[in-house]
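Open the model in your viewer and follow the stops below in order. Each stop says what to select and what is there.

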Amino acid sequence: RNLIHRVAFDVDAWPLVEELKWGQPSYRSPHGNESTPVRIGWTNSDDVALLTHCQSSVVPEFRAAFGDQFRFDGDRAVLVSESDAARVDELTEFVARAITYRRG
């Protein structure tokens with residue numbers, strides 16, 4: 001959650017809109033429809049899932065760039081284990097891509 005808020009501030013998407021979607025915390029830009037929401041979910045294996053809309057290109061593009069470093073749930077989520085949490089630069093890029101998804 002802190003990473004998402006920090007990234008939103010850094011990419012001028014502050015104050016971030018925070019709400020619950022499907023019982024999960026969801027975050028999006030306050031600037032109209034410039035973002036695809038990022039949700040935080042949990043898996044059965046205690047990993048954190050960073051989810052975006054499955055029809056966006058955010059997860060496929062992130063997989064193309066960092067696919068050897070993370071696990072994925074289809075085109076909808078990056079699965080983050082405790083050991084992955086140290087990859088802050090890569091996760092920052094994922095969140096920034098989602099929050100600025102439709103910027104021109």
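With which residue does E18 form a salt bridge? Select E18 and R1: the two form a salt bridge, and their closest N and O atoms are 3.0 Å apart. The term salt bridge stands for a side-chain nitrogen of Lys or Arg within 4 Å of a carboxyl oxygen of Asp or Glu.

This is a predicted model, in which local features need pLDDT of at least 70 and side-chain atom pairs count only at pLDDT 80 or more, while totals for chains, interfaces and linings use all residues. Residues are numbered from 1 along each chain as its sequence is written, and side-chain values use heavy atoms, with hydrogens and water left out.

**Stop 1: E18 and R1**

Stay on the pair E18 and R1, which links distant parts of the chain, 17 residues apart. E18 lies in strand β1 (residues 17–21), and R1 in the segment before α1 (2–10). Helices (H or I, at least four residues) and strands (E, at least two) are DSSP runs, numbered from the N terminus. E18 is partly exposed, at a relative accessible area of 38%; buried means under 20%, exposed over 50%, and partly exposed in between, with a 1.4 Å probe and protein chains only.

**Stop 2: R63 and D75**

Next select R63 and D75, a salt bridge whose closest N and O atoms are 3.3 Å apart. This pair also links distant parts of the chain: R63 is in helix α2, and D75 is in the loop between β5 (71–73) and β6 (77–80), 12 residues apart. R63 is partly exposed at 29% relative accessible area, and D75 is partly exposed at 36%.

**Stop 3: helices α2 and α3**

Now show α2 (residues 58–66) together with α3 (residues 88–99): their axes come within 10 Å and cross at roughly 155°. Axes are lines fitted to C-alpha atoms, for helices over the stretch in contact, and angles run from 0 to 180 degrees between N-to-C directions. The crossing makes α2 roughly antiparallel to α3, a label for angles over 145 degrees.

To see the contact (heavy atoms within 4.5 Å), select V58, V59, E61, F62, A65 and F66 of α2 with E90, E93, F94, R97 and A98 of α3.

**Stop 4: R97 and E93**

R97 and E93 are 4 residues apart in helix α3, so about one helical turn separates them. R97 is partly exposed at 23% relative accessible area, and E93 is partly exposed at 31%. A search of the whole structure finds 8 salt bridges.

Note on methods
Parallel < 35°, antiparallel > 145°, perpendicular 65-115°, else oblique.
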